Amino acid sequence: AGALVLSDGGICCIDEFSAISEHDRTTIHEAMEQQTLSVAKAGLVTKLNTRCTIIAATNPRGTGKCDPNASMTINTTLAAPLLSRFDLIL
């Protein structure tokens, strides 16, 4: 999530969002929800600002085609709480 910290006050573009590890998705969710990122290194704990716009792209799961009858969570394999942080989903 270093890209989010570097993008503070700007825009961060993420491609292949569904290919990101579950741990990184959790970190991105925290950053989108609280606009900060908690970091613990060498016994020090700090919060870094992540006040940025995130533009993310992902491919549909499976055959590569969206099922219009299925929910977005099923089509993208992204959890509903994370998807709810986006203002626009096309």
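**View 1. Contacts of Ser 7 in the predicted model.** Ser 7 touches Cys 12, Arg 51 and Cys 52, leaving aside residues up to four places away in sequence; contact here means heavy atoms within 4.5 Å. Ser 7 lies in the loop between α1 (2-6) and β1. Helices (H or I, at least four residues) and strands (E, at least two) are DSSP runs, numbered from the N terminus. Because its relative accessibility is 14%, Ser 7 counts as buried, a class defined as under 20% relative accessible area with a 1.4 Å probe and protein chains only. This is a predicted model, in which local features need pLDDT of at least 70 and side-chain atom pairs count only at pLDDT 80 or more, while totals for chains, interfaces and linings use all residues. Residues are numbered from 1 along each chain as its sequence is written, and side-chain values use heavy atoms, with hydrogens and water left out.

**View 2. The largest nonpolar core.** This core has 14 residues, of which Leu 4, Ile 14, Phe 17, Ile 28, Met 32 and Ile 54 touch the most other members. At least two core residues come from each of β1 (11-14), α2 (22-34) and α4 (80-83), and α2 supplies the largest share, three residues. A nonpolar core is a set of buried Ala, Val, Leu, Ile, Met, Phe, Trp, Tyr and Cys residues joined through side-chain atoms within 4.5 Å.

**View 3. Surroundings of Leu 4.** Beyond residues up to four places away in sequence, Leu 4 touches Cys 12, Ile 28, Ala 31, Asn 49, Thr 50, Cys 52 and Ile 54. Among these partners, Ile 28 and Ile 54 are, like Leu 4, listed with the core residues that touch the most other members.

**View 4. The largest pocket.** The space in this pocket amounts to about 620 Å³. Its lining comprises 26 residues, and Ile 54, Ala 56, Phe 86, Asp 87 and Leu 88 are the closest to the pocket centre. Two or more lining residues come from each of α2, β4 (53-56) and α3 (72-76); β4 gives the most, with four. A pocket is an open set of points on a 1 Å grid over the protein atoms alone, where a 1.4 Å probe fits, with protein on both sides within 12 Å along at least five of seven lines; lining residues have an atom within 4 Å of a point. The volume is the space filled by probe spheres set on the points, which are joined across faces, edges and corners.

Key
Buried means under 20% relative accessible area, exposed over 50%, partly exposed in between (1.4 Å probe, protein chains only).
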